[in-house]
Amino acid sequence: MKVLITGGCGFIGSNFIRYFNTKHPYYKILNVDKLTYAGNLENLKGIERKRNYRFIKADISNTKVMKNCFEKFRPDAVINFAAETHVDRSIVGPSPFIKTNFLGVGVLLNLALRFQIKKFLQISTDEVYGSILRGSFTEHSPLNPSSPYAASKAAADALVMAYYRTHGLPVLITRSSNNYGPYQFPEKLIPLTIINALNNKKIPLYGDGKNVRDWLSVEDNCEAIDIVFQKGSIGETYNVGGENELTNIYIVRKILKILNKSESLITFVKDRPGHDRRYSLSLSKIRRQLDWHPTTSFRKGMDKTIDWYRKHQKWLRNCQTGEYRTFYRKHYSKLGLQEF
Ligand code: NAD
Ligand code: DAU
């Protein structure tokens, strides 16, 4: 089996390639990644030497280059992780989100059809459903995205399903909740909190800090993605969650406690515009149909994550490129913070 994986140098993609390669050592993998600020070849150290793995630096929205990849590699399947993923960035600059997350998916779908791909798995997000104060979203809930990021992912989901209904392209979609674990770029809440706490810097909490996210260990998500890829019914969407809903303030306090740092580092800042209050997924479909449920306890997952960031200070410093600093200086000064 030859699998074209896009966005494999990012957080979930790199964890997935490691997992997938161990689980299916005879599969051939072509990883296509643009290496944006969030993509890092270091994330796949060790894998790059494997004979069944290849990497190409390319943009999924570039038809000519992607056609070349399909022609040369002749994949049986595509798993699309490539995306712009940070909600705050989509608020200040939505164009790359529309280009990669929507147009890029369009390019991949056209090529998948033309090259008669046997499976196309789109990695989507729970953010496409929007916010829910009580109860949980099922796969049949209407899409109601709040941010430009979420809207670009919802548009991509609609396009994926249109290719299934119109052309019979064999598609699958996973919609997961917030992932945490090793290799997550330090702009997201958990790694940002860990590194700021380790460096005794302020930790910005948006609004009242009581927004709820459902935290899923990246290892659990990789397992679920593989199960959906192997056993999911074509044309179906599967929610993947951690069954671990926590407020942001709880998470930040917990990390500070584990690191033995003072809560005085917490700084409440202006809320994110359009900030979804709560995400919640029903997992009954994936449990019932594919017999999958999350198994990592939050405490175990957090201890492992904190330990990883503690031991990877050089990796962290390498993330803090000029592009990263420019964005954060601007973003932080708007929040009334002077760090970075
Ligand atoms: P990430 O930002 O860590 O990595 C994204 C990767 O995509 C990077 O390696 C980047 O270089 C690459 N990329 C970006 N634009 C590209 C383009 N035009 N062409 C080729 N490569 C490109 O993201 P992540 O957190 O690993 O998320 C991976 C996928 O999972 C995304 O589709 C995201 O929407 C989805 N998702 C993420 C989470 C989460 O909590 N992180 C939750 C649910 C769904
Ligand atoms: O739900 C899945 C989504 O999770 C993915 O689709 C996105 O790609 C991923 O970025 C993530 O989106 P969130 O916006 O939920 O993640 P983030 O880590 O940016 O924020 C988590 C919560 O913490 C959110 O309520 C905003 C808040 N927050 C975030 C940051 C970065 C803060 O209070 N302070 C911060 O500095």
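**Note on the salt bridges**

1. Glu243 is partly exposed, at 48% relative accessible area. Buried here means under 20% relative accessible area, exposed over 50%, and partly exposed in between (1.4 Å probe, protein chains only). The model is predicted: local features need pLDDT of at least 70, side-chain atom pairs count only at pLDDT 80 or more, and totals for chains, interfaces and linings use all residues. Residues are numbered from 1 along each chain as its sequence is written, and side-chain values use heavy atoms, with hydrogens and water left out.

2. Glu243 pairs with Arg287 in a salt bridge, the closest N and O atoms being 2.7 Å apart. A salt bridge is a side-chain nitrogen of Lys or Arg within 4 Å of a carboxyl oxygen of Asp or Glu. Arg287 sits in helix H9 and Glu243 in the loop between E10 and strand E11 (245-247), so the pair ties together parts 44 residues apart in sequence. Helices (H or I, at least four residues) and strands (E, at least two) are DSSP runs, numbered from the N terminus. Arg287 is partly exposed, at 35%.

3. Lys285 forms a salt bridge with Glu236; their closest N and O atoms are 2.5 Å apart. Lys285 belongs to helix H9 (residues 284-290) and Glu236 to the loop between helix H7 (218-231) and strand E10 (237-240), so parts 49 residues apart in sequence are tied together. Lys285 is buried, at 10%. Glu236 is partly exposed, at 30%.

4. The whole structure holds 17 salt bridges. Lys34, Asp59 and Lys99 are linked in a network of them.

Definitions and conventions. Chains are lettered from A and ligands numbered from 1 in the order in which they are written.
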